[in-house]
Amino acid sequence: MGGHVDIWGASPGEDAMDGGEDPAAVALVETSVPGVYLASGDLSVLGTHVVPLTFDPGAAKSKAADVAAMAVGGASLAAQVAHGINSARGLVRLSPETMAALKAGAKPFTKDGWNLGTLKDGNQFAHSVRWAPAGAQGATSVAASAGPAAAIMAIQMQLAEISALVEENIALTRSLLQAVEDERWASAKSHFDAIAEEFGHANALGEVTPSIWGQAQAQASETKLRELLELSLRAARRHHEELTALETSPARRTWLDTNARSVTQEAQTLLMAHSAWLRYQALRAGYLHRTAAEDPQDAALLERVIAGAQRRDAEVRAVAFPLLEDVYRLLRMLEEGTGSAWKKLFPGVRNREAVRAAAGYVATQLGALAGHHGAYQADPPPAPVEFTLLPLNPLKAVTSRLRWILREGETLVAVTKSGGWRELERYLVFTSSRILIVREGNFLSDGDVDQELPWTSVRTVAKVPDSDRDDGFDLRIQHGPVEKPDVRTFALRDSSLTHRGDAFVKRLTALVGEETGIGSISSPDAAVATVRTD
């Protein structure tokens, strides 16, 4: 949340206490979903996306009088926010940065369990902010006053985020998949279309009427929706398990080159089936909402329906997100490269624009699936390098490609160049968890990794005796089983190695020690099988 932010809730006396005179506009109440708040009042001042409440009777009517009453103040804060349930309102997901700013600026506010904080709009005026966290007295009062409406809010954000995937879903099937041949996808889409129509009627009327719920049941049975969702989830899980079992970058890349299209199809079928199923559950919850205030059994069932929908939503996200993230990384690698590997995924396409468009669709889906604002970076910066051993431009080219290969939490120690007379020019990438060996041209053009050596498999790292030159030295890496290890020797060439070489090798030796407990440099006379890189 950025820009101009005011939070409504102060009486004239409280405004004087805060030192502010401009009328506040909005009240925030945290829902049962962490970081998601019910915003009530003039939502335009929030400066962030607001998700309208589903099946909101107030949205179908003019509530200017309610908004004016909120601005005047006078009643208790909880009562006014509850009154705001019948005025302009919606749900917002506050970023971690916004929450940190709120808490950093918090001051004691003793009335009705509400907090007071401040947010700055750049270097401009600092706005007072009042909010009620979940479980606090203020939030509890609002929930009690709102009745069943508070319970159904829990599913709103998930529904909005998943529903936002459908447009990208269809566009992606046209660009990357070109033709949808999967019967489950087509069946899921037809169910989604039927439910979406009834969902739109319910939103327009502000409630799920008996006729709307009856038509939804007739058009799409829950049994068929569950079947579609379960089959899609099972197929996506199978892909996820196959990919997860591959531990090295070369193996994962080979698998993705072969299976990226089918992975994308299964993920899109899963998201379409889940979107249809989740909307159906929202319609059911909306129908129960009609009687939940008077019928304790319907209220209890409403809570169970919502809790079940949230569990399944989390389950789908946990499978779809990593699959789509791997596809996205591949697409970005191919988009930024200069080679022709992208043509395997896009046969018949003349240029990379299709790759760029497909990556954009997947990025939008990943942002919606990430779970909270700011959780996913579609365009992360290159990782900083601990030892700078290459000139700036070659280093930038390599690290720009590495951002699609490095894993979460993996840091970049150094990138060195190996080559010379009768040798292929290679880059050696040393990270906190592994060594990547890549051919310069293949890596920069298509992102190919030739070999990956986890530090757990590396026995020793050492300078080759008497190999020092004006532009570098030879580096020996011993890896593999203790009984018969392999040794590879690389001619490292860069002028920066002449004054940082010893510190660099010492750092690599420490990484060996961290993973294996050895941490020693092998004798040059050790009996090993040597493999040259000629």
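1. In this note, helices (H or I, at least four residues) and strands (E, at least two) are DSSP runs, numbered from the N terminus. With that convention, Gln 281 has its place in helix H12. The model discussed here is predicted: local features need pLDDT of at least 70 and side-chain atom pairs count only at pLDDT 80 or more, while totals for chains, interfaces and linings use all residues. Residues are numbered from 1 along each chain as its sequence is written, and side-chain values use heavy atoms, with hydrogens and water left out.

2. Is Gln 281 buried or exposed? The answer needs cut-offs: buried means under 20% relative accessible area, exposed over 50%, and partly exposed in between, with a 1.4 Å probe and protein chains only. Gln 281 is buried, with a relative accessible area of 3%. If its neighbours within four places in sequence are left aside, Gln 281 is in contact with Glu 222, Val 305 and Ala 309, where contact means heavy atoms within 4.5 Å. The C-alpha atom of Gln 281 is separated by 9.7 Å from that of Leu 159, although the two residues are 122 residues apart along the chain.

3. Glu 222 leads us to helix H11, which covers residues 222-244. This helix has 23 residues and reaches 32 Å from its first C-alpha to its last, close to the 33 Å expected at 1.5 Å a residue; the expected span is 1.5 Å times one less than the number of residues. The buried residues in H11 include Glu 222, Leu 225, Leu 229, Ala 236 and His 239. Which helices do the buried residues of H11 pack against? They pack against helix H9 (183-205), H12 and helix H13 (296-336).

4. Lys 224 forms one with Glu 227, and the closest N and O atoms are 3.9 Å apart. Both Lys 224 and Glu 227 lie in helix H11, 3 residues apart, which is about one turn of the helix. Lys 224 counts as partly exposed at 29% relative accessibility, and Glu 227 is partly exposed as well, with a relative accessible area of 40%.

5. The structure holds 6 aromatic pairs. A pair of aromatic rings is described by the distance of the centres and the angle of the planes. Rings of Phe, Tyr and Trp (its six-membered ring) pair if their centres lie within 6.5 Å; planes under 30 degrees apart count as stacked, over 60 as edge-to-face and the rest as tilted. Among the pairs is that of Trp 213 and Tyr 280, which is tilted, at 5.3 Å centre to centre and with 50 degrees between the planes. Trp 213 lies in helix H10 (residues 210-219) and Tyr 280 in helix H12 (residues 249-292), so the pair ties together parts that are 67 residues apart in sequence. Trp 213 is buried, with a relative accessible area of 10%, and Tyr 280 is buried too, at 4%.

6. Trp 213 also forms an aromatic pair with Tyr 287, and this one is stacked, at 6.0 Å centre to centre and with 25 degrees between the planes. Because Trp 213 lies in helix H10 and Tyr 287 in helix H12, the pair ties together parts that are 74 residues apart in sequence. Tyr 287 is partly exposed, with a relative accessible area of 29%. Elsewhere, Phe 387, Phe 430, Trp 455 and Phe 504 form one aromatic cluster.

7. The loop between H9 and H10 deserves a separate look, and Thr 209 lies in it. Thr 209 is buried, with a relative accessible area of 15%, and, leaving aside its neighbours within four places in sequence, it is in contact with Tyr 287 and Arg 290. The side chains of Arg 290 and Glu 207 meet in a salt bridge, at 3.0 Å from N to O. This pair links distant parts of the chain, with Arg 290 in helix H12 and Glu 207 in the loop between H9 and H10, 83 residues apart.

8. In total, the structure holds 30 salt bridges. Another of them joins Arg 469 and Asp 474, whose closest N and O atoms are 3.2 Å apart. Arg 469 counts as partly exposed at 40% relative accessibility, whereas Asp 474 is buried, with a relative accessible area of 12%.

Key
A salt bridge is a side-chain nitrogen of Lys or Arg within 4 Å of a carboxyl oxygen of Asp or Glu.
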